[in-house]
Amino acid sequence: MATSKNRTYWPVGGGAVALQPGWFPGHSTALIYINIGLGEVPENMSHPVVPPFQITGPTNNPYPGTICLPQVPLPPNISVKPGDMATIQVVEAAKHGAALYNV
């Protein structure tokens, strides 16, 4: 997937991440992974910023809202300075094994 051209400022000490989960019949549960890749075009997204977490919808119908993590830290082994480029990747893995990616 190509790197987003829609860049925004994000605090170098970490910040908020909000997402609307992708949802299709059969996705009553899913695991969410949030990673960060460094550089204008990251070589990889190998830096997890939060532990994976599970979401559960009330049914197999569309997820009824948005998920917001108000303070997502940078991994402790990463140092950045204002102006550095990075990409935040959100991965949703459905219970049947399909994965949805967004950067």
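Which residues does Leu-19 touch, not counting residues up to four places away in sequence? In this predicted model, the list is Ile-32, Ile-34, Thr-66, Ile-67 and Val-90. That makes Leu-19 a handy way into the largest nonpolar core, where Leu-19 is among the residues with the most contacts.

**The nonpolar core**
- The largest nonpolar core is built from 14 residues.
- Leu-19, Ile-32 and Ile-34 have the most contacts inside this core, and both of those isoleucines also turn up among the residues that Leu-19 touches.
- The top contributor is β2, with four residues.
- As a bit of background, nonpolar side chains tend to be buried together in soluble globular proteins.

**Strand β2 and its partners**
- β2 is largely enclosed by the rest of the structure, because seven of its ten residues are buried.
- β2 pairs with β6 in the antiparallel sense, and nine bridges hold that pairing.
- For a landmark on the β4 side, look at Ala-30, which faces Ile-55.
- β3 (residues 47-48) is another antiparallel partner of β2, with two bridges between them.
- Here the pair to find is Ile-36 and His-47, the latter being the bridge partner in β3.

**Thr-29, in β2**
- Thr-29 belongs to strand β2.
- Its relative accessible area is 19%, and the cut-off for buried is under 20%, so Thr-29 counts as buried.
- Thr-29 and Gln-54 are 25 residues apart in sequence, yet their C-alpha atoms are 6.9 Å apart in space.

**Thr-87, in β6**
- Thr-87 lies in strand β6, which covers residues 86-94.
- Thr-87 is buried too, because its relative accessibility is 5% and the cut-off is under 20%.
- The Thr-87 side chain makes a polar contact with the side chain of Arg-7, at 3.3 Å.

Definitions and conventions
Residues numbered from 1 in each chain as written. Predicted model: local features only at pLDDT ≥ 70, side-chain atom pairs only at ≥ 80, totals over all residues. Heavy atoms only, no water. Core = buried A, V, L, I, M, F, W, Y, C linked by side-chain atoms within 4.5 Å. Buried < 20%, exposed > 50% of the residue type's maximum accessible area, 1.4 Å probe, protein only. Contact = heavy atoms within 4.5 Å. Polar contact = N/O pair within 3.5 Å; in protein donor to acceptor, adjacent residues only side chain to side chain. Pairing = 2+ DSSP bridges.
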